[in-house]
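Grab a pencil and work through these exercises with the model open beside you. Each one has a task, then a solution in steps.

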Amino acid sequence: MGLFLVVLGLIAVYLFHFYFIRRRQLPPGPFPFPFIGNTYSFAHTPIDTCVQKWKDEYGDVMTVFMGHVPMVTIHDSKLIYDMFVKDGDAYIGRAQQRWNEIFRPAHTGLIFSEGSLWRDNRRFALQVFRNLGLGRNIMQERVLDDVTLLIDFTKKELNAGTTEFNFFDELDISVGSIINSITFGYRFSRDNRTEFIKAKKIATEQVLFGGSILYRTMEEHRELFRYLPFFRDTYQMIMNHTAEFTEFLSGQVATHRKNIDLESDEEPTDYVEAYLKHQHKLDKEGVKDHPFSETQLYSGLLDLWVAGQETTATTLAWMVIYIIQNPEVQKKCQAEMDEFVGDRIVTLDDKVNLNYVNATVAESQRLCNLVPINVPHRTTRDVEIRGYKIPKHTVILNQISTVMYDERYFPGAKTFKPERFLDEKGKFFAPPELMPFSVGKRACLGEGLARLELFLFTANLLNQFKFGEVPGKPITGERIVSATTAPAPWVCSISVRH
Ligand code: HEM
């Protein structure tokens, strides 16, 4: 009886603290249940739809409970710039999700790290991208190699009589090849897809799991859940993926170690080579406890691979779907290409003339709204937002997906309309509310690369091919929401234009 009363007392204290102390100080939001918070809603409705609905009810600054952790979400574009850009340092932290202790030990990597570990490694990664040619012709050539391989493959298939394309798989391996060539220095072969498929499968399952309700529920108490039937299997699956991906990454790093000349002055040709040389230099100089450890290398590679592959391939898949569903848009893109390019390969030099193509890429990014819930940040000091006093260490995020579907900024937001990004002279412009890569200090590290890929693939594919539906197999465009939003499986028909 005594024990029962103690347990009852503890529960009462927990509930009092949860509902009256914590909730009272925070912006309003949907009613949370103890332990699971608002995650129960995601069991039957996708997370972005829930957040959108709550935003309409509670306003531009609101609180959602992920389990028992409150997460303040911001939906107003101007407020987002005031907070995340002008006062960026206050929101530069990352919410420490506990699964990351498995995937990325000691909060390493690029996405979930913080402080000088994050800053130095982010700066280093951006520098390596630049050294590998981003912003110059060299990176364009890398990307165009994969664009050309895809075009040649598609033409070969057409000549062989293929009438139905599972084109996502082709976009997927092309984008996978680019990030693999940047990180590890080699492309994936279409003749032997086993290696790509293996790495991709693990990355995909991580992304899927990352968006699932199981993840949200198990997150905080995985030590407990790992012993419970049903959850135990999920836990084991995650451990297996981690082991398989680590094996993939270790193999790559080991191969580099075997062949590398750490003393050579030659410019590195991939990220791992650049990293190992930099690490060697710091070690040789006797720099103690530098942030370029072996663990950091693995976690950074995991982040570059997962964040750099699926995002871009899925956006391109949506672009193909939208132009099939909107044949007049496809025609306008192609007319523009006929006027300014002809049958050759499109390059960045053409970008300035291809206003409608640029607008089509922008509108595809907006409408596909790839990231249903942004990667959570953390306040690094006490802040005040619209009268709410938000303490240091609060989980907070700029909800880019509600901004990009907001009727205040994009009237008729659910329709595909590239013209919204053309001014009265037909010139492309990108309004500040178009923020697929987020904004501020933690905005996407791969934005430059992704923009390059999106433009070169879109322009060249639309220039070379006409895309359509396969008779009897309509493309539903159904949105499958996990950590990103992917289209339901689809196939298309393709014909050559030139
Ligand atoms: C269409 C493609 C892409 C989209 C829509 C996208 C979107 C995003 C978003 C929304 C974030 C979170 C920003 C925030 O926390 O506020 C992010 C972070 C990140 N992205 Fe991307 N991304 C794309 C492609 C890429 C590529 C190609 C790479 C790498 C090669 C990449 C690497 C990263 C990394 C490392 C971060 C973490 C940045 C940090 O915390 O400092 N992404 N991305």
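**Exercise 1. Find out which residues of helix α12 are buried, and what covers them.**

Step 1: In α12, the buried residues are Y271, V272, E273, A274, Y275, L276, K277, Q279 and L282. Buried here means under 20% relative accessible area, exposed means over 50%, and partly exposed is in between (1.4 Å probe, protein chains only). Helices (H or I, at least four residues) and strands (E, at least two) are DSSP runs, numbered from the N terminus.

Step 2: Look at the cover, which includes α5, α7, α11 and α13, where contact means heavy atoms within 4.5 Å.

Step 3: Keep the source in mind: this is a predicted model, in which local features need pLDDT of at least 70, side-chain atom pairs count only at pLDDT 80 or more, and totals for chains, interfaces and linings use all residues. Residues are numbered from 1 along each chain as its sequence is written, and side-chain values use heavy atoms, with hydrogens and water left out.

**Exercise 2. Check the length of α12 and inspect its ends.**

Step 1: α12 covers residues 271-284, 14 residues in all, and should span 20 Å at 1.5 Å a residue. The expected span is 1.5 Å times one less than the number of residues.

Step 2: The end C-alpha atoms of α12 are 20 Å apart, so the two values agree.

Step 3: After α12 comes G286, with a positive phi near 80°.

**Exercise 3. Which parts of the chain does the salt bridge between K473 and E164 tie together?**

Step 1: Start with the pair itself: the closest N and O atoms of K473 and E164 are 2.9 Å apart. A salt bridge is a side-chain nitrogen of Lys or Arg within 4 Å of a carboxyl oxygen of Asp or Glu.

Step 2: K473 sits in the loop between β8 and β9 (479-481) and E164 in the loop between α6 and α7, so the bridge joins parts 309 residues apart in sequence.

Step 3: K473 is partly exposed at 38% relative accessible area, and E164 is partly exposed at 33%.

**Exercise 4. Locate the salt bridge between E247 and K198.**

Step 1: The N to O distance is 4.0 Å.

Step 2: E247 lies in α11 (residues 231-259) and K198 in α8 (residues 194-210), 49 residues apart.

Step 3: E247 is exposed at 53%, whereas K198 is partly exposed at 45%.

How values were computed: Polar contact = N/O pair within 3.5 Å; in protein donor to acceptor, adjacent residues only side chain to side chain.
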